[in-house]
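I set out to record what I looked up in this structure, entry by entry. The entries cover contacts, cores and pockets.

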Amino acid sequence: MSNERLSPVADADEVEVRDPRSGLTAKAGLGDRLFGGSARGAAVFILILMAAIAAFLIYQAAEAIGKDQVNFVTSFTWDPDGNSTPNGQPEFGIAAIAWGTLVTSVIGVLLGAPVAIGVALFITQYLPRKIGSVFGYIVDLLAAVPSVVYGLWGLLVLDQHMSGVSKIIEDVLGWIPLFKTDGTYGSSMFTAGVVLAIMILPIIAAIAREIYKQTPREQIEAAYALGATRWEMIRLAVLPYGRSGVTSAIILGFGRALGETIAVAMVLTQVPGLVTRILQPGGNTIAANIAVQFGDAFTTGRQALIASGLVLFLMTLIVNYAARVVVRRAGKAGS
């Protein structure tokens with residue numbers, strides 16, 4: 001046999017490309033170039049779409065804020081159409097509704113994240129694989145339930161049973177002004193937070209479940225070899241391995257709670273101004289305020305609602321960026 005090596009000849013629709021990671025070259029055909037161009041175009045389209053949304057929100061917000069007679073960031077008043085102001089001038093600020101958005105979302109995360117992590121650990125570490133898969137599918141189905149169904153359930157069922165829980169919380173933590181009431185309960189930010197906790201639970205549980213499944217078997221066996229119990233194995237091997245990923249899942253769940261609209265609007269009793277007592281009726285969020293008032297608002301009112309939407313847009317961007325930072329730092333630490 002001849003020792004001469006044959007050099008392949010590239011077809012007319014092929015080009016030679018170099019892998020930036022390995023430095024190796026490969027032949028890319030027309031299909032590869034089309035796929036690469038499509039993927040690049042999709043990424044560029046998303047960036048253009050985000051920029052267009054941001055430009056629209058900024059334009060509308062700037063026009064509305066220019067007419068505002070009070071500080072948009074610090075004012076608790078929301079009357080952009082001047083219906084109840086003495087001079088009929090628009091006065092609106094996002095301080096009160098931003099507070100309600102953060103409070104309900106934090107309550108949702110504080111209640112939902114531990115349950116979601118517990119569900120993920122139970123499915124991956126305690127249940128047999130086949131039964132765990134079925135149970136995981138059932139938990140994932142919670143994410144498919146429409147928001148309006150959660151809102152109806154929260155309004156007609158959950159809200160009727162929150163008085164006892166709220167009374168116990170006030171008896172224990174009533175010395176803190178946040179948990180003190182005037183004796184009335186229900187349709188509160190706490191109830192809205194419980195609904196949000198149930199809504200974000202499947203998101204956090206699904207991500208945490210996939211992360212815990214990837215725990216290296218060697219670490220698990222090493223923990224057992226040292227005489228660890230199952231809980232000690234989870235504490236020493238599983239939880240440290242998934243810490244960064246689960247943290248990012250919780251942050252993403254928090255972002256999901258920030259933007260929830262219909263369920264919160266149906267559960268909360270909207271009260272003007274700042275509501276600092278989370279167990280008694282009252283409160284509002286940015287998304288719920290937009291959903292409730294947009295239909296009845298005039299030009300300035302709609303622009304003011306769009307301005308509040310810009311604030312919510314920025315809040316969700318910051319939350320998602322924080323999740324990316326957590327994952328990136330964890331990747332660098334693990335490499």
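I take contact to mean heavy atoms within 4.5 Å. The model is predicted, so I note that local features need pLDDT of at least 70, side-chain atom pairs count only at pLDDT 80 or more, and totals for chains, interfaces and linings use all residues. Residues are numbered from 1 along each chain as its sequence is written, and side-chain values use heavy atoms, with hydrogens and water left out.

**Entry on the cores.** I looked up I278 and, leaving aside its neighbours within four places in sequence, found contacts with V103, I107, L178, F179, S188, M189 and F190. I then turned to nonpolar cores, that is, sets of buried Ala, Val, Leu, Ile, Met, Phe, Trp, Tyr and Cys residues joined through side-chain atoms within 4.5 Å. Buried means under 20% relative accessible area, exposed over 50%, and partly exposed in between (1.4 Å probe, protein chains only). The largest nonpolar core holds 62 residues, and I278 is among those with the most contacts inside it, as are W78, I94, F190, V195 and I286. Elements that each supply at least two residues of this core include α1 (30-67), α2, α6 and α12 (299-334). Another core, of 11 residues, lies apart from it, and L121, Y212, M233 and V238 are among its members. Helices here are DSSP runs (H or I, at least four residues), and strands likewise (E, at least two), numbered from the N terminus.

**Entry on T104.** I located T104 in helix α2. T104 is buried, with a relative accessible area of 2%. A polar atom of its side chain lies 2.8 Å from the backbone oxygen of G100. Beyond four places in sequence, T104 is in contact with M189, A192, G193, L196 and T285.

**Entry on the pockets.** A pocket is an open set of points on a 1 Å grid over the protein atoms alone where a 1.4 Å probe fits, with protein on both sides within 12 Å along at least five of seven lines; lining residues have an atom within 4 Å of a point. I found that the largest pocket has a volume of about 390 Å³, the volume being the space filled by probe spheres set on the points. Its lining has 17 residues, with T124, Q125, L127, R129 and R217 nearest the centre. The second largest pocket holds about 250 Å³ of space. Of the 18 residues lining the second largest pocket, W78, V271, P272, G273 and N284 are closest to its centre. I noted that α2 gives the largest share of that lining, 4 residues.

Terms used:
A polar contact is a pair of N or O atoms within 3.5 Å; within protein, one must be able to donate a hydrogen and the other to accept it, and residues adjacent in sequence count only if both atoms are side-chain atoms.
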